[in-house]
Amino acid sequence: MDKNKIHLVVKDYSVSGENFELIQNKEFGFLETHPQPTIEKLPEYYKSEDYISHTDSKRNLFEKIYHLVRRIALNKKLKLINSFKTENKSLLDFGCGTGDFLQTAQKNSWLVTGIEPNEDARNIANKKTNNSVFNSEAFFKLKENTFDVITLWHVLEHLPNLEEHVNILKKLLKPNGVLIIAVPNYKSYDAQFYKQFWAAFDVPRHLWHFNKTSIFKLFSKVSMKVIKTKPMWFDAFYVCLLSEKYKTGKMNFIKAFFNGFISNLKSLSSKEASSLIYIIKNT
C-alpha cells in the first residue's frame, strides 16, 4: 500500500482500540478503511452496549436525546417518502435497526420490508412490524423490480461488498423507483475540525467514507442519477458530541453544540453538511 495515499489514521474508540488507515479510492474518490475486517470478524466490532442503533435503551441523557431526535427524524423521513408518486407504496429499508422507521411507514399505509443483520435488533423490529424484517441472506433472494422506494439510513458505509450491493439495489427498484441514501460527509466542517477524532469515521464499522463526488460517481456507474441532496442538521450535533468525547474524554455539550452549529452554518453556503441524504432515481 502506497503510504502517500493515506488520508488519515483513525482509532476505533468504541470497541477494539485498534488503529486503521483511511485510503483514498482512485476510481470513486471515497476513503476506504484499511485493513478491512473479514466478513467473519466484522460482527465482533459491533459488540458494544454503546451501539444504540441496535437497541432501544435510554440509560442516560445522551441516549434520551438520541431517541428524541430520532422521533423528530422519523417524521421527516416519512414526509420525504410520501412526497414521491408510487404505484403501491412498497418500501424496503436496508439496515433497518430496531424498526422504528418501518413501523412509522407501515402505520401510514406503506407495504414494508426490512433487512437487518443484527439478530437482537431484528427481533425488536419484527415485534414492531408484524414480522416484516429479515436477515442479510434474504436480501439476495428478493424479487427484482419490486420496490417503489428503497432507503439506507447510514447503512451504505457498512456494506462490505459495496459495488455488488449497489447493483442489487438498482435491480430491486422499479424502473422509476427512488433510492434514498444517508451517509456521513467527510468533507464537512466538523470532519475537518475533529480530523482523526471525528466520530462519523467510526472505523472499522464504517468501511467507506463518502463525499458528494464519490456518491455521484458510484451510482452513475449503474445508470442511476442523484437528483437532490438534503442536509441532516441534527447529525452535526450528535457527531460533535461523540467527537468531543473521543478527543477530550468528555461530552462537552456546550463546545459540541457550538461546533455543530458552526458546521451547519457553514454548510448553508458550502452544501457540505455533516451528513447528507441523497435522492437517487433509477434511469
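User: Where does Ser 109 lie?

Analyst: Ser 109 is placed in the loop between α2 and β5. The model under discussion is a predicted one.

User: Why does Ser 109 count as exposed?

Analyst: The relative accessibility of Ser 109 is 54%. The term exposed requires a value over 50%, and therefore Ser 109 counts as exposed.

User: What is stated about the phi of Ser 109?

Analyst: Ser 109 has a positive phi of about 75 degrees, although it is not a glycine.

User: What is the phi of Asp 202, and in what kind of residue does the value occur?

Analyst: The phi of Asp 202 is near 40 degrees, which is positive, and the residue is not a glycine. Asp 202 sits in the loop between α6 and β9.

User: Why is Trp 110 counted as buried?

Analyst: Trp 110 has 3% relative accessibility. Buried means under 20%, and therefore Trp 110 counts as buried. Trp 110 is found in the loop between α2 and β5 (111-115). Neighbours within four places in sequence aside, the contacts of Trp 110 include Leu 78, Ile 81, Leu 91, Ala 105 and Val 149.

User: How do you know that the side chains of Trp 110 and Asn 82 make a polar contact?

Analyst: The separation given for the side chains of Trp 110 and Asn 82 is 2.8 Å. The cut-off for a pair of N or O atoms is 3.5 Å, so the pair qualifies as a polar contact.

User: Why is Thr 98 called buried?

Analyst: Thr 98 has a relative accessible area of 2%. The threshold is under 20%, so the residue is buried. Thr 98 lies in the loop between β4 (90-94) and α2 (100-107), and its side chain is joined to that of Asp 100 by a polar contact of 3.2 Å.

User: What is the distance from the side chain of Lys 212 to the backbone oxygen of Lys 271?

Analyst: A polar atom of the Lys 212 side chain lies 3.1 Å from the backbone oxygen of Lys 271. Lys 212 is part of helix α7, whereas Lys 271 follows α9 and has a positive phi near 65 degrees.

User: How is the span of α9 judged against the expected one?

Analyst: Helix α9 (residues 253-270) has 18 residues and reaches 25 Å from first to last C-alpha, close to the expected 26 Å. Helix α8 (residues 233-248), of 16 residues, reaches 24 Å, close to its expected 22 Å. In α9 the buried residues are Ala 256, Asn 259, Gly 260, Ile 262, Ser 263, Asn 264 and Ser 267. The cover over them includes α6 (189-194) and α8.

User: Which residues touch the most other members of the largest nonpolar core?

Analyst: Of its 37 residues, these are Ile 150, Leu 152, Leu 156, Leu 179, Ile 181, Phe 210 and Phe 219. The element that gives the most to this core is α5, with five residues. Apart from it lies another core, of 22 residues, with Leu 74, Leu 91, Ala 105 and Val 112 among them.

User: How many cavities of 30 Å³ or more are counted?

Analyst: The count comes to two cavities. The largest cavity has a volume of about 60 Å³. Of the 13 residues that line the largest cavity, Lys 11, Tyr 13, Ala 199, Asp 202 and Tyr 246 lie nearest its centre. Tyr 246 is also one of the buried residues of α8.

Note on methods:
Residues are numbered from 1 along each chain as its sequence is written. This is a predicted model: local features need pLDDT of at least 70, side-chain atom pairs count only at pLDDT 80 or more; totals for chains, interfaces and linings use all residues. Side-chain values use heavy atoms; hydrogens and water are left out. Helices (H or I, at least four residues) and strands (E, at least two) are DSSP runs, numbered from the N terminus. The expected span of a helix is 1.5 Å times one less than its number of residues. Buried means under 20% relative accessible area, exposed over 50%, partly exposed in between (1.4 Å probe, protein chains only). A polar contact is a pair of N or O atoms within 3.5 Å; within protein, one must be able to donate a hydrogen and the other to accept it, and residues adjacent in sequence count only if both atoms are side-chain atoms. A nonpolar core is a set of buried Ala, Val, Leu, Ile, Met, Phe, Trp, Tyr and Cys residues joined through side-chain atoms within 4.5 Å. On a 1 Å grid over the protein atoms alone, a cavity is a set of points where a 1.4 Å probe fits but cannot get out, and a pocket is an open set with protein on both sides within 12 Å along at least five of seven lines; lining residues have an atom within 4 Å of a point. Grid points are joined across faces, edges and corners, and a volume is the space filled by probe spheres set on the points. Contact means heavy atoms within 4.5 Å.
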